[in-house]
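Subject: Structure handover

Hello,

The structure I promised is pasted below. My notes on packing and contacts follow it.

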Amino acid sequence: MVKLTVNGRAYEVDVDDDQPLLWVLRDHLGLTGTKFGCGVAQCGACTVHVATQPSITRGAARRSCVLPIGELGGTSVTTIEALGGDHPVQRAWLAENVPQCGYCQAGQIMSAVALLAANPAPDDDDIDSALSANLCRCGTYPRIRLAVHRAAGTK
């Protein structure tokens with residue numbers, strides 16, 4: 001049994017310790033906003049926030065497809081569902097018409113939220129660096145950058 005907090009709610013899951021967090025979220029907890037993209041932490045579609053203490057509501061952006069659940073006992077995980085659809089980053093995404101196919105967007109948004117929590121006024125280089133590990137097959141990178149600036153209030 002692994003105990004963890006997901007989106008502010010305590011869970012105990014009975015799965016193998018090597019089960020990736022992604023599949024625990026999707027298959028055991030029914031939180032399907034976090035997407036499977038590559039399975040090797042290269043695309044960023046599965047990005048969530050992981051904090052070392054359940055009392056922390058936002059943690060570091062991590063790739064859930066390669067994160068074994070056995071390493072997460074006592075941690076706090078935040079998924080795209082916790083943003084509730086009305087987060088400033090989500091509003092900026094819509095205002096800048098970022099989504100095209102939309103598949104990578106949950107991971108992009110979670111990485112952008114983590115960036116803005118650490119750096120509330122990022123410049124283009126900061127944004128490019130923080131989101132460089134999130135791949136967008138549709139190539140909406142210029143709109144993603146504009147949306148991050150909009151959410152930060154820097155453009």
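Which residues does V148 touch, not counting residues up to four places away in sequence? They are W93, A112, L115, L116, P122 and I127, where contact means heavy atoms within 4.5 Å.

Before the rest, some conventions. This is a predicted model, in which local features need pLDDT of at least 70 and side-chain atom pairs count only at pLDDT 80 or more, while totals for chains, interfaces and linings use all residues. Residues are numbered from 1 along each chain as its sequence is written, and side-chain values use heavy atoms, with hydrogens and water left out.

Cores. V148 is also among the residues with the most contacts inside the largest nonpolar core, together with V89, W93 and I109. That core has 20 residues. A nonpolar core here is a set of buried Ala, Val, Leu, Ile, Met, Phe, Trp, Tyr and Cys residues joined through side-chain atoms within 4.5 Å; buried means under 20% relative accessible area, exposed over 50%, and partly exposed in between (1.4 Å probe, protein chains only). Two or more residues each come from α2 (88-95), α3, α4 and α5 (141-152), with α3 giving the largest share, 7 residues. Helices are DSSP runs of H or I, at least four residues, numbered from the N terminus. A second, separate core has 17 residues, including V6, V24, L72 and V77.

Helix pair. Helix α3 (residues 105-118) and helix α4 (residues 124-131) have axes that come within 10 Å and cross at roughly 130 degrees. Axes are lines fitted to C-alpha atoms over the stretch in contact, and angles run from 0 to 180 degrees between N-to-C directions. On the α3 side the contact is made by Q108, S111, A112 and L115, and on the α4 side by D126, I127, A130 and L131.

Two single residues. Q108, in helix α3, is buried, with a relative accessible area of 0%. Beyond four places in sequence, Q108 touches W93, L131, N134, L135, C136, Y141 and I144. C138 lies in the loop between α4 and α5 and counts as partly exposed at 31% relative accessibility. Leaving aside neighbours within four places in sequence, C138 is in contact with Q100 and C101. C138 and Q100 are 38 residues apart in sequence, with a C-alpha to C-alpha separation of 6.6 Å.

Regards
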